[in-house]
Amino acid sequence: MLDKATDKQTPMMQQYLGIKAQHPDMLLFYRMGDFYELFHEDAEKAARLLNITLTTRGASAGAPIRMAGVPYHSAEQYLARLLKLGESVVIAEQVGDPATSKGPVERQVTRIVTPGTLTDSGLLDETRDTLIMAIAPGTDALGVAWLNLAAGRFHVCETSAAGLHALLARVRPAEILAPDDFALDAPCAVRRLAPWQFDAAGAEARLAQQFGSRDLAGFGVADLRLAIAAAGALLDYIQATQRTALPHLLAIHAERDGEFVQLDAATRRNLELTETLRGEPAPTLLSVLDTTATGMGTRLLRHWLHHPLRDRERLTRRRDAIGTLAERRDTAAALTRLLKSCADVERIGGRIALKNARPRDLSGLRDTLALLPELAALLPDDGARLAALRDALGARPDWHALLARAILPEPASVLREGGVIADGYDAELDELRALTRDAGAFLLELETRERERCGIANLKVEYNKVHGFYIEVSRAQSDNVPDDYRRRQTLKNAERYITPELKAFEDKALSAQERALAREKALFEALLDTLTPHVPALLEIAAALAEIDVLASQAERTATLRLCPPEYASEPGIVIRGGRHPVVEAQVDHFIANDTVLSRSRQMLLITGPNMGGKSTYMRQVALITLMACCGLWVPATSAKLGDIDQIFTRIGASDDLAGGRSTFMVEMTETAHILHNASAKSLVLLDEIGRGTSTFDGLALAWAVARHLVSATRAFTLFATHYFELTQLAQEFRQLANVHLDAKEHGADLVFLHAVEEGPASQSYGIQVARLAGVPSPVIAAARRHLRELEDAQLHAGPQGDLFAAAQASAAPEHPALDQLRELDPDSLTPKAALEMLYALKVHL
């Protein structure tokens, strides 16, 4: 281990260790020339994570220096890889002048990049929000705050420990801040802070100062003390990492119970909203619906799918806006064409606020501002939502004019290269550029004069970055140069010279180039300062562009996917006619549509039928249609009418949790318990084959009890798929339970699935036929058929499948009297005669 006593280190390592001590839990990129170097433990870690070379150079404090490095010009790709792995990186740049530094060149931390605070376009996924969250634990609840730094959106809520898992699944943060003493298992980077940093009293004052308000009462969060504590810790962390003001953080929004239709983590996973069960982006509901033109639109649609609403007014406005654009397909298509030329205004606004916008951010913003009047003019006049969006796109000619004057039509990608500020914007910059531009003409004129003066026809006046300007002549002609030529460089076949006139021009030209770059940098930074007060308005424009993008894309989807507008009813229930699964339908040639009717008099559908018959698809399509309607989107059905839904639960599929030490059945029971504890009479519940992971009797008993509880106690709208035919008898006990089935027909050796939902229970399960379709060897299938016949012949099944409840009741009948006599018998004490008498006595009872 390296001895890190400061006085024993070289000056450069003293500087490095001083910076590293301030950020011990982050990787330090330490700029040295054209590389970012990492040392010691950081070097070992980076070499392992990035697969780069680990080497040893020199020594400090008597120990070799382990190091690894990445080129500064390609550092972004390495940063992206580290951030995906949950690492945070501190970047220390050279800020001193190597020519004038007596010791190590001065370096300062200019940037701290963490997984949840990304704003750089090269590091962000344009299709999803990057969020950072903080959690403040309390005695009975948790305070939670999360922030989208790129867009300036700040949210808080308070939840239970049990509700945290569902919140994490909904928000999907890239990074979480939590106290050292708080146990947390999260699928993202977790940054540990001292518990005192989650202090509500100090947090309220700091938040109010950030928002420019006296207190937080106006934001509706004053009663959420734990959430305020989390928000304060989050704000402190953002200020420490960004090292700049945060002018776009102007408000905070409190989420309350009842604002959204709640979905737990299992439901989001099972419904494959934005990623498949294998973690892939397609085929999912998002991949089918997303034809947006911008990254802003995709992010908003993703947000809508994960945040279904209960506010019927907002849903109606969205639905009707889609309908208006669907009636004007040419208008929707024209909006989409224009939006394809729009930049990501939301993220550009965030980068302007944080002072890390790049030249092409501003040129993209300029070009987007030019499109606003045309976009606004295309929006129809009818409809409250579209009218509000049109108003939000009000033209900003002053902003556009400023950017058009200031930024070149095609600026350089980075500021340090120059070529960003337009000619005519600044007189001083124009003068400096003229000196550089005129250099070519001056050099040609000098070359002509010197050839005439020296009589050397092949004399050349040239420039390179190493030696500057020079006059080059061949070695054979070097004796003919004038006395005022001073040798600058000797080559194998040529000599290079400088003259007082050329030297004077060089000083002027090179100085002008350096001063021009410095002037451009100052002008660009001043331009960002000018735009910063307008960032909140820019973000409002971005929000309007994103929503128009989603609405226009969904208008296109209504025709392509044959969608219908959902109807929102005051009475409880779900009535779907001709419903279809949008994702499955996109994968097959012909999809069978099915109806669904759930009401207070038809509360549970008990679904039977063969495996592969479509039970799971049918249940999922009901949930997806319900969810889409609760997002204000049109739905894949002939018609759909929904009452108020507060939660959607699913228990579908089989999977174990090996890392958590839970079997498939334990996972199933845990999810079922969560549903039974949390579902209400306004919930939609999907349960698929409850009890299949244990013995037949145990599984059947559990499925029976769960179904009865949901019907009689919870009263949730339920789709309950099962292979236990005994459960169909519950319809005789509960009028609000209806049996439905999906059937199949045997056609010769083939089994044809009909995929149509019919009333009543299924006649048989077709399990052996499905096994044959799956490729189970023929001898096994034949043996299974023989054993099935034996079971049926032995009357272990009553009808297609035996009634195990009846079997259970039969097993509880009174015992035969002979059994008591046999138990009292002592065979060892019986004589042969006594044994014979006992046998006759037992025969009497038969």
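Reader: At what angle do the axes of helix H17 and helix H18 cross?
Author: This is a predicted model. H17 covers residues 439-454 and H18 covers residues 500-531. Their axes come within 12 Å. The crossing angle is roughly 175 degrees.

Reader: Is H17 roughly parallel or roughly antiparallel to H18?
Author: Angles over 145 degrees count as roughly antiparallel. The axes cross at roughly 175 degrees. That makes the pair roughly antiparallel.

Reader: How many charged residues are in the contact of H17 with H18?
Author: On the H17 side, Ala439, Phe442, Leu443, Leu446 and Arg449 take part; on the H18 side, Glu501, Leu502 and Phe505. By class, 6 are nonpolar and no residue is polar. The number of charged residues is 2.

Reader: Which strands stand at the edges of the open sheet?
Author: The sheet has 6 strands, in the order E3-E4-E2-E1-E5-E6, with mixed pairing. An edge strand here has a single partner, so one side of it is left without a neighbour in the sheet. The edge strands are E3 (55-60) and E6 (107-113).

Reader: Which residue in E4 stands opposite Ala59?
Author: E3 and E4 (residues 63-71) run antiparallel. They are joined by 5 bridges. Opposite Ala59 stands Pro64.

Key
Residues numbered from 1 in each chain as written. Predicted model: local features only at pLDDT ≥ 70, side-chain atom pairs only at ≥ 80, totals over all residues. Heavy atoms only, no water. Axes fitted to C-alpha atoms, helices over the stretch in contact; angles between N-to-C directions. Helix = DSSP H or I, 4+ residues; strand = E, 2+ residues; numbered from the N terminus. Parallel < 35°, antiparallel > 145°, perpendicular 65-115°, else oblique. Contact = heavy atoms within 4.5 Å. Nonpolar A, V, L, I, M, F, W, Y, C, P; charged D, E, K, R; others polar. Pairing = 2+ DSSP bridges.
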